[in-house]
Amino acid sequence: MKAIINVKGTQIVEGDENVTEITSEGTFEIKDGYPVIRYTESDSDGSRVMAKLSVLDEKSFVFERRGDISTKMVIEVGTRHNCAYSTPYGELMLGICGKTLVNEIDNDGGYLKLSYTIDINSSLMSENEIEINIKPV
């Protein structure tokens, strides 16, 4: 189903908070009782990245990005997973650990809130939170 998708991302690195917010046309569907959300992100340099977020169950989700930046992050509350993160400058291996997952999305749209940490070589790099509001069109 087509939707207007508002994504607010908060990243905290060494105490400094960076908030970004985008609004994009995209789609969402409920698959096996859980939402699958697709939208396009655009960087300031004009590059476009296709994003897909799939909630798998009450405590895990997959966040995929395809474009100049590509990744498939498996994020599970309370569990650390290793994920590849590819950029035009090279590839990194990241550790991702889910903290919270709040899913209030149904066929009428709704709200999703996710939080997780990212580490490199087991050293904390950032704390992250994503809030998504979906309004069908």
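A residue counts as buried when its relative accessible area is under 20%. By this definition, buried residues make up 39% of the 137 residues in the protein chain of this predicted model.

**View 1. The protein chain as a whole consists of strands.** The chain has ten strands and zero helices. Read from the N terminus, its elements follow the order β-β-β-β-β-β-β-β-β-β. The C-alpha trace spans about 40 × 35 × 25 Å along its principal axes. A compact globule of 137 residues would have a radius of gyration near 14 Å, and the value of 15 Å for the protein chain therefore agrees with that expectation.

**View 2. Ten strands form a closed barrel.** The barrel runs E1-E2-E3-E4-E5-E6-E7-E8-E9-E10, and its pairing is antiparallel. On average, neighbouring strands of this sheet are turned by 25 degrees against each other, direction ignored. Strands of a sheet pair through backbone hydrogen bonds.

**View 3. Strands E9 and E10 run antiparallel.** Eleven bridges join E9 to E10, the latter comprising residues 123-136. Isoleucine 120 stands opposite serine 123 in E10.

**View 4. Threonine 117 lies in strand E9.** This strand comprises residues 109-120. Threonine 117 has a relative accessible area of 17%, and is therefore classed as buried, the cut-off being under 20%. Leaving aside neighbours within four places in sequence, threonine 117 is in contact with several residues, among them Gly95, Ile96, Cys97 and Lys99. Its contacts also include Leu124, Ser126, Glu127 and Asn128.

**View 5. The protein chain exposes about 7,800 Å².** Carbon and sulfur atoms supply 47% of this area.

Definitions and conventions
Residues are numbered from 1 along each chain as its sequence is written. This is a predicted model: local features need pLDDT of at least 70, side-chain atom pairs count only at pLDDT 80 or more; totals for chains, interfaces and linings use all residues. Side-chain values use heavy atoms; hydrogens and water are left out. Helices (H or I, at least four residues) and strands (E, at least two) are DSSP runs, numbered from the N terminus. Buried means under 20% relative accessible area, exposed over 50%, partly exposed in between (1.4 Å probe, protein chains only). Contact means heavy atoms within 4.5 Å. Two strands pair if DSSP finds at least two bridges between them. Axes are lines fitted to C-alpha atoms, for helices over the stretch in contact, and angles run from 0 to 180 degrees between N-to-C directions. The radius of gyration is taken over C-alpha atoms; the globule rule is 2.2 Å times the number of residues to the power 0.38. Accessible areas come from the Shrake-Rupley method with a 1.4 Å probe; for residues, only the protein chains shown count as cover.
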